[in-house]
Amino acid sequence: MEHFALWLGGFLTLGIFSFLYKDNPWYKLTEAIYVGISAGYFVVVYFWDNFYSKFWVGVFPHKRLNEAGELVAGVEPDYWLIIGGVLGLLMLMRLLPKVGWISRWPLAFIVGATAGLWLINYFASFVMVQIQNTVTPLFGADYNASLFVIVGNIVVAVGTFTGLIYFFFSKEHKGAFGSAARVGIFFLMITFGASFGYTVMSRMSLLIGRIDFLFGDWLGMIR
Amino acid sequence: MSSHPMTSRPLYFIILSFLFTFFPSCGGSSIALAQAEPIDIATTQMIPDSEQVVVEPVTSLIAADHKYDDGGMIDLSWVPSIDDQLVASRVIGYKVYRIEDEGEPEMISELAPGSNTYNDQSVERGKLYSYFVSTLSINAETPSVRTAPIEPQREWLNYELLNVLIMALVLGGAVIYFIETARRGKKLFVRKIAGLEAVDEAIGRATEMGRPILFIPGILDMDDVQTLAALTILGRVARIIADYDTKIFMPVSRSLVMTAGRETIKASYQAAGRPDAYSDDMVTYITDEQFGYVAAVDGIMVREKPATCFLLGAFFAESLILAETGNSVGAIQIAGTARPAQLPFFIAACDFTLIGEELFAASAYLSGEPKQMGSLKGQDVGKAIAMAAILIGILTVTIGDAWNVEWIQNITTGLVDVFSTR
Amino acid sequence: MKRQVPIIITFLIGMIMIFSFFIPPLEGLEQTCSLFFDVIAVFAFFLGGGNLMRIHVNKLRRRKKDWGFSIVTLGGFFIMLAAGLLKIGNPGGIAASPTTEGSLLQEIFTYVFLPLQSTMYALLAFFVASASYRAFRAKNREATILLIAAFVILLGRTPFGMLLTGWIPESFSVLQVPNMAIWIMNSPNLAGQRAIMIGIGLGVISMSLRLILGIERTYLGDESA
Amino acid sequence: MSTKAKEILALALIFAFSLIFYIGKVLGWGAVRFSTTVSLIVILLVALSLLWILILTIRGHLVERRIVFLYVGIAVALPLFMTLSQRIAISPEVEAVYNTLEGLPEGSKVLVSFDYDPPSAPELQPMAEAFLYYCFEHDLKVIMMGLWPQGPMQANMAIEKVLSDEKIKSKNLKYGEDYVNLGFQAGYEFVIQRMGSDFRSMFPTDYRGTPYEQIPLVKNVKNFSNIDYCFNLSSGFPGTREWVQIAVDRYGVTLGAGNTAVQAPQMYPFMRAGQLVGLLGGMVGAAEFEFLTKWIGKGTKFMISQSFAHVIVIAFIIIGNVAFFRSERKTGLKR
């Protein structure tokens, strides 16, 4: 069994890596396995976690079994969940051509809830908090900041300000406004360059782990 | 986070407790004060008195209803035991006890030395609770006096967030105002966005080459706004595609997105007057799993060789894998996401990238309708407010600190309060 | 009816969600909605899973190109379904968590799924290199800035950075590459991130309002859009 | 020979190669090692080939991306076989971790928290192994736990590896007496806070299900005051920051940490403030620590792989820019 597991791991790993050379039957096979297995895995996990544990047990708590297989008693049913179930059933109406349009109702519900929820959450944590955090004294709280830090503070202030100018939609990027927007783009580019440089480093260790599996665990060429 | 200096707190409570002791009526019913009542819980009995390390109890224990909640919380605060010191402290912690409706005391939490507050989140409306806190030494426990019973209250509006509500109304009002202005026919200017100007050309290219267009709406479900943004853009893109009579293919990683995607494309084809050209096969579900989805989409890219790829929505580590593979098959790629960490990869590997805000503005921009454009103008009001606040805030805080000018400092405090979220 | 009801639903639910933020008794609404969402998503899974099956069965029936791989996909899908729904080989029996160690589902997960997942993830290392090769070119002023920032960070986070500039005396330690890297991360990078985040917040507000007010309705299959 | 035939041949070669070495492994062949000379020659060859690519680029032949892929693969794989006795300069923050360990008397209790999952294992696992090796070798008692669900699994893997070492094997260490794995507990930083007053409230049993009070090693361990040294291996939240803020600041624990390279720079302020006695940062930190503890594991090898990969990325950025400026000059002349 252990031999089989190792060879299977090696086979699948090399199958994915072979894609770097070009698309080929080996990759297609691993891809087919991957898609089938992962889709099945998620159906199962969703079924037990969402449908069974949240919906079924929520509506019919007295049907719940504990780890030992006995019925658990004394939990109040949550009939609110039935609304979710009804919306889910309406979704399935798509399968019937005549009443398929009704599946837009649950969609409308989801869109409304998502839009409303994120509107206020993004507003609070992306707009308000970020503005508040930018308001810091340029020279440090007690005037003891080093030149290095002061320059940093000024850069943060200028960068945030000009970055926002870049995003302005209702004014052409021309003249002084255009120059400010260009400064803003520069700041965005530094941000992107920095994040990229930062990530290059951390991605390599994932590959090292895989190569170590191939030559170490599987083929025993390295200890 | 807290801007209060730590030292002012106990003092404040001592003054408060004095006030309430002498003018009990001014506190209302929601603040119950420490009252001397004998407590009959056993301090540690097993150890002989001589070896016991007895510590002083906490003082000024106050139990107050948590403001602006649904009545599920009670806040406790106290002055720590005088034996609770930073160095060589004899206090090793505190235990919080609760008495529900005059029943038995129940230990609800253990806290570290130095603690002077506790937030009890396990209370219910309609019941009375009183509390005491005992100070722990290595082998003894000294209870404090017990607070008078208190009932948690429900409030209907969170006044602490009033500033957020007002700011949200101002911003929302600005957006709606400009939508209305535009609807009444006033011309509003919106600058060109390069990535969106290229959409027409990119679709045209696919038509000329006779190759399909790939649309990837990110890997999150419908409960993420970026997916919604992707679908609104899909509506516009599909409309142009229907006009050009090009093939669109949209592999998705969520069933709900599949349903919504089909609905969107179908409507666009109907609007273009070609409902017969639509087919459900344009949108395919693959798998919910991140990298399984990526493996399949990579395969589709190299086999179908799309002329144009749209990568719009929420992306994670897969952003670069998808963008590089798309690039290797020579597709024109228009990408966009609101995840700052993934933007650099799109910038590096795609032809056009919608950065953050541009992703959400894209559908309005592509629609070309005046009222949609109006909403973009409303967003700019928000940016203007933000920029003004940043400018004024930094100037006042810097000047106020430098010369200690009180009224300037007040402006800063006011400004920070307006933008505080708690 | 077909067109108006969904728009009304979106409007009502959207407004309730916004104002629930300010009304303590509606605190739990967010959780309730996400619970509803989970339940709807499970039902939608019938559509998604059904679609997956239909596509591969069609491929098989019509003997389309690469139909053999469809057998593999379907096989993997059904094996996982059977293993997980019937909890085959689960040491805890039918009441235990489906992912209990030792069950068939978990074994396949460990020996097939995990190697695939981590290898797919590891592909990133290759693509990071090829993207750097292609994209980090001083094509214009913006690209040059991007390149310089990336380069400083790259050097600053490896021993080379210290090797190259470690000789710079302590009083000018600002010029040592690792310190420059930290400064870039803390100052210009922070500024850019903030501008992007504020922009995103405003963009979300505007788009959500368009959706809630029914101005944006392509997703509902509205024909007039 | 057609491309297809070549591909089939390559495939057959890969299979034969794998089979031979697998059989070799089963038969107990040793590891493949390049001697130092061979290693240096290999490095030289790789460097020369890179130079050749540069010359090709200047001449106008652009390399395709598969060549870049090949070099990344080579850069990561080859160093794993090399014997390079490189001089490892021990940085003060790594030395500090080691010195604190060295100062602990026999029988001291050490708490190790495994707060990471398999993707960060290449960086953190070598640190874990070296740390455990040192503890076992010097008869320190080890209590392990995890704030991340997969942490305790990583702990078990490290234990297994270290216990298979001959020197440690001969010590005949017993689970429950010399070391124990308390398992995972959900609750992020609140776990640390609760542990401040009572370990048992957070870990009623160990990961095997043995009740806390029946484990000889920990039954008398009430809270942090019974722990002599804390070590945290972290790749994110919850991790070192939370340990510092709660265990150190509130309960006065002596804390050392091992972090991924991405996270390490954010911990330097804690080092400077003395809240953290020492820090192992990324693979370099792991390698240095392995050198100090004399447990030569994968950290040293992995570090060389990583450095090589970085050099390759930087080399190709340079080559890419050369290609660009070359084409720029050409088009410039045409105009």
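Modeller: A polar contact is a pair of N or O atoms within 3.5 Å, in which one must be able to donate a hydrogen and the other to accept it. In this predicted model, nine residue pairs are in polar contact between chain C and chain A, both residues at pLDDT 80 or more.

Biologist: Which helices of chain C supply at least two residues each to the side that touches chain A?

Modeller: They are α1 (4–20), α2 (29–61), α3, α4 (104–135), α5 (141–156), α7 (177–186) and α8 (188–212) of chain C. The largest share, 23 residues, comes from α4(C).

Biologist: How are the residues on the side of chain C that touches chain A divided into nonpolar, polar and charged?

Modeller: There are 75 nonpolar, 22 polar and ten charged residues on that side. The buried area between chain C and chain A is about 10200 Å², with 84% of it on carbon and sulfur atoms.

Biologist: Why is the meeting of Lys28(A) and Asp66(C) called a salt bridge?

Modeller: The cut-off is 4 Å from a side-chain nitrogen of Lys or Arg to a carboxyl oxygen of Asp or Glu. The side chains of Lys28(A) and Asp66(C) meet at 3.0 Å, N to O, so the pair qualifies. Between chain C and chain A, the count is three salt bridges.

Biologist: What is known of the confidence in chain C?

Modeller: The mean pLDDT of chain C is 87, and 96% of its residues reach 70 or more. The model as a whole scores ipTM 0.89 and pTM 0.87.

Definitions and conventions:
Residues are numbered from 1 along each chain as its sequence is written. Chains are lettered from A and ligands numbered from 1 in the order in which they are written. Side-chain values use heavy atoms; hydrogens and water are left out. pLDDT is the predictor's confidence in each residue, from 0 to 100. Buried area is the accessible area (1.4 Å probe) that two parts lose on being put together, summed over both. A polar contact is a pair of N or O atoms within 3.5 Å; within protein, one must be able to donate a hydrogen and the other to accept it, and residues adjacent in sequence count only if both atoms are side-chain atoms. Helices (H or I, at least four residues) and strands (E, at least two) are DSSP runs, numbered from the N terminus. Ala, Val, Leu, Ile, Met, Phe, Trp, Tyr, Cys and Pro count as nonpolar, Asp, Glu, Lys and Arg as charged, and the others, Gly among them, as polar.
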